[in-house]
Amino acid sequence: MPKTLYDKLWEEHHITTLESSESLIYIDRQYLHEVTSPQAFEGLTKKGLLPWRINANIATPDHNVPTERGKSFGAENIKDEISKIQVVELDKNCNKFGIKQFDITSINQGIVHVIGPELGYTLPGMTIVCGDSHTSTHGAFGCLAMGIGTSEVEHVLATQTLKVSKLKNMRVKFDGIPKEGVTSKDIVLYLIRTIGTAGGNGHAIEFAGSYIESISMEARMTICNMSIEAGAKVGLIAPDSITFNYVKKHSQLSDEDFDNAMTHWKSLVSDEGALFDKEINIDVSKIKPQVTWGTSPEMVVDFDQDIPNLDSVINENKRNFELAKKYMGIEENQKVTDLKFDKVFIGSCTNSRIEDLREAAKAVEGKKVSKDIIEAIVVPGSGLVKEQAESEGLNIIFENAGFIWRDPGCSMCLGMNPDQLKPYERCASTSNRNFEGRQGNLGRTHLMSPLMAALTAVNGKIVDPS
Amino acid sequence: MKLAGNELNLSGVVACIDRDNIDTDQIIPTEYLKSIKKYGFEDYLFDGWRYLDEGKLGITKDQREINPNFILNQEPFNKASILLTRDNFGCGSSREHAVWALRDFGIKVVIASSFGDIFYNNCFKNGVLPIRLEKNQIEELFKTLSGEVSELSVDLDSKKISHKKHELYDFKVEDNLLERIIFGLDDVDMTLKYKDKIIAFEQARRKEKPWIFAND
Ligand code: SF4
């Protein structure tokens, strides 16, 4: 019987079927960060257990780290006492158990979903977990990658396995050539708008089609990253020559290992005629730049379109829309192009890779951040991205335009570190979540691509990119 | 370890929150994720809606400005053990803290038309039962419970929900997941019974696909 890519990955890692529908699957790689791991390490210690396979784990601090660090900044320099405790705790746990960590002082430190692929720890065909829902990012390499809770982090540390039920198969085909100014971020936002934030619940989404085949690994990661906002904890793309070239460049595999692996990796595709429980086809040539207006990633409009009026929406949605508009400070008959912005954030595991920064830099070169913008920050996803960007002079372009150039971390994607919105501030953000309070108490987030965010910085409002 | 300590019949006051897509950032904001503990999150549940001021980890309820309009601040819903809500509850971040906050507040059952996948899994590890009902049943329940202080009774054995002794709905949940809640079973202990199988699997994999283990 023809199989989907997800079916193949599932079978390859399937150890045994447990009672009812659950199975035990083998986990090849676990990424750890400071927020969701302390309780897992504590649990392990209480049980008197050691990690099953220490080298399956890679750790780095990202959520709490300040992004204005400069040279020789250590965990002890973190001002917020409670944030410091988490970062120090990760240091302690990694030292105690012998887990490889890229700590706050390392050039390789960064957002866990940026450094994994970049350092070659993410390889096609792996099962990858992390106590973070955006682990779906790694699916761009043809991995079965998913976010898990802290109890499961402990379970993987202790047993190298995960207890899970098999997901259903869904395929999203993106075909066509996008218009100028339309990026992978717009395309994934358009998908979420189309199927809703619960659209992928219970499914592994495979992204396919001529558009997917044509784009870079960075763009593929942006799409898989936001599968979770479409409700799917797993997003997947079959590995191809673009994937193999990336892996060849970034992994430390010997030539022999790489060649052997390639033979296997080439089989990681959905067979002709494989059955999907759900299929969606999208023509990307019709998509305009997308911007969220509300407090859920499905509340999306074309950048030049009206925000839905309350009398035009179906009853079921009315209350949600009303609450979202109120929270976002949006009046009836307003467009997103009418809104005045206070802050701009370019970063996060969705859009902080080198390609994103190049795109944004190109848009602001020789221009100035608008006087209406209080602060515009660019936060590279990792130390290596930062280094690369600096070698290309991107930091100079940003700084000349009036942006602030930061050190790597999750930054303003979530209100855990010093980079936060103040109440009622409106932010153009390249991150993935516009939930109430996500970027700071009462802050207002509009999700968009790095290009649109960069243009918003120089114009103080959303403009036509073409 | 018995985390749950649940009985087979859970009766209690129901708090209704009429919203879709309540994400885990709403259930517990990021600020409180700075804790390295697994307990003590009750005061931070639905923080953004429950309080009018901004909170910090360590600051307790009595030091906060309470929002009197929010249901969990009103008698008797401040002692609710059942939560009724709409679609896609618990979407968003994988933070188990969301379930810990519900559990610590005293919520034992959440009824919704659907749940975020990761949140749904996390519930069973912490003695909180997520129940999926059809959208029309949820709609009916909202009507039944609106305007009055209502209790529901959830029977884990027969998998039925009743209201004032009338059986309303059957619900489905897998037996092994339910047992985890009833007995507070620990997954790690259960999985380690398969230790030999895991070892054998790993050895075979190491031989067949050595590149996976290249940095071991
Ligand atoms: S950048 Fe944002 S979404 Fe990504 S891991 Fe960090 S906090 Fe989570």
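Reader: What counts as a salt bridge in this structure, and how far apart are the paired atoms of Arg406(A) and Glu68(A)?

Author: A salt bridge is a side-chain nitrogen of Lys or Arg within 4 Å of a carboxyl oxygen of Asp or Glu. The model discussed here is predicted. In it, the side chains of Arg406(A) and Glu68(A) meet this rule, with an N to O distance of 3.8 Å.

Reader: Why does the pair of Arg406(A) and Glu68(A) tie together parts that lie apart in sequence, and by how many residues are they separated?

Author: Glu68(A) is placed in the loop between β4 (57-59) and α3 of chain A. Arg406(A) belongs to the loop between β17 (404-405) and β18 (426-429) of chain A, so the pair links parts whose separation in sequence is 338 residues.

Reader: Which element gives the largest share of the side of chain B that touches chain A?

Author: Chain B and chain A have 37 residue pairs in polar contact, counted where both residues are at pLDDT 80 or more. The elements of chain B that give two or more residues to this side are α1 (24-27), α3 (97-105), α4 (117-124), α6 (175-183), α7 (187-191) and α8 (195-208). The largest share, eight residues, is that of α8(B).

Reader: Which three residues supply more of the area that chain B buries against chain A than any other three?

Author: The contact draws 82 residues from chain A and 64 residues from chain B. Together the two chains bury about 5900 Å², and 53% of this is on carbon and sulfur atoms. Of the area that chain B buries against chain A, 13% is supplied by Lys34(B), Ile36(B) and Trp211(B).

Reader: Is the crossing of α2(A) and α3(A) left-handed or right-handed?

Author: Helix α2 (residues 38-46) and helix α3 (residues 81-97) of chain A pack at an angle of about 35°, and their axes are 10 Å apart. From α2(A) come Pro38(A), Phe41(A), Leu44(A) and Thr45(A), which meet Glu89(A), Asn93(A), Lys96(A) and Phe97(A) of α3(A). By class, these are four nonpolar, two polar and two charged residues. The crossing of α2(A) with α3(A) is left-handed.

Reader: Is the crossing of α12(A) and α13(A) left-handed or right-handed?

Author: Helix α12 (residues 354-364) and helix α13 (residues 383-391) of chain A pack at an angle of about 40°, with axes 10 Å apart. Ile354(A), Leu357(A) and Arg358(A) of α12(A) make the contact with Val385(A), Gln388(A) and Ala389(A) of α13(A). The residues of this contact divide into four nonpolar, one polar and one charged. The crossing of α12(A) and α13(A) is right-handed.

Reader: Which residue is joined to Pro76(B) by a cis peptide bond, and what is omega there?

Author: Pro76(B) is found in the loop between α2 (47-50) and β2 (82-84) of chain B. The cis bond joins this proline to Glu75(B), and omega is about -5°.

Reader: Where does Gln160(A) lie, and what is its phi?

Author: Gln160(A) sits in the loop between α5 (150-159) and β8 (161-165) of chain A. Although Gln160(A) is not a glycine, its phi is positive, at about 60°.

Terms used:
Residues are numbered from 1 along each chain as its sequence is written. Chains are lettered from A and ligands numbered from 1 in the order in which they are written. This is a predicted model: local features need pLDDT of at least 70, side-chain atom pairs count only at pLDDT 80 or more; totals for chains, interfaces and linings use all residues. Side-chain values use heavy atoms; hydrogens and water are left out. Axes are lines fitted to C-alpha atoms, for helices over the stretch in contact, and angles run from 0 to 180 degrees between N-to-C directions. Helices (H or I, at least four residues) and strands (E, at least two) are DSSP runs, numbered from the N terminus. A crossing is left-handed if the near helix is turned anticlockwise from the far one by less than a right angle, and right-handed if clockwise. Contact means heavy atoms within 4.5 Å. Ala, Val, Leu, Ile, Met, Phe, Trp, Tyr, Cys and Pro count as nonpolar, Asp, Glu, Lys and Arg as charged, and the others, Gly among them, as polar. Buried area is the accessible area (1.4 Å probe) that two parts lose on being put together, summed over both. A polar contact is a pair of N or O atoms within 3.5 Å; within protein, one must be able to donate a hydrogen and the other to accept it, and residues adjacent in sequence count only if both atoms are side-chain atoms.
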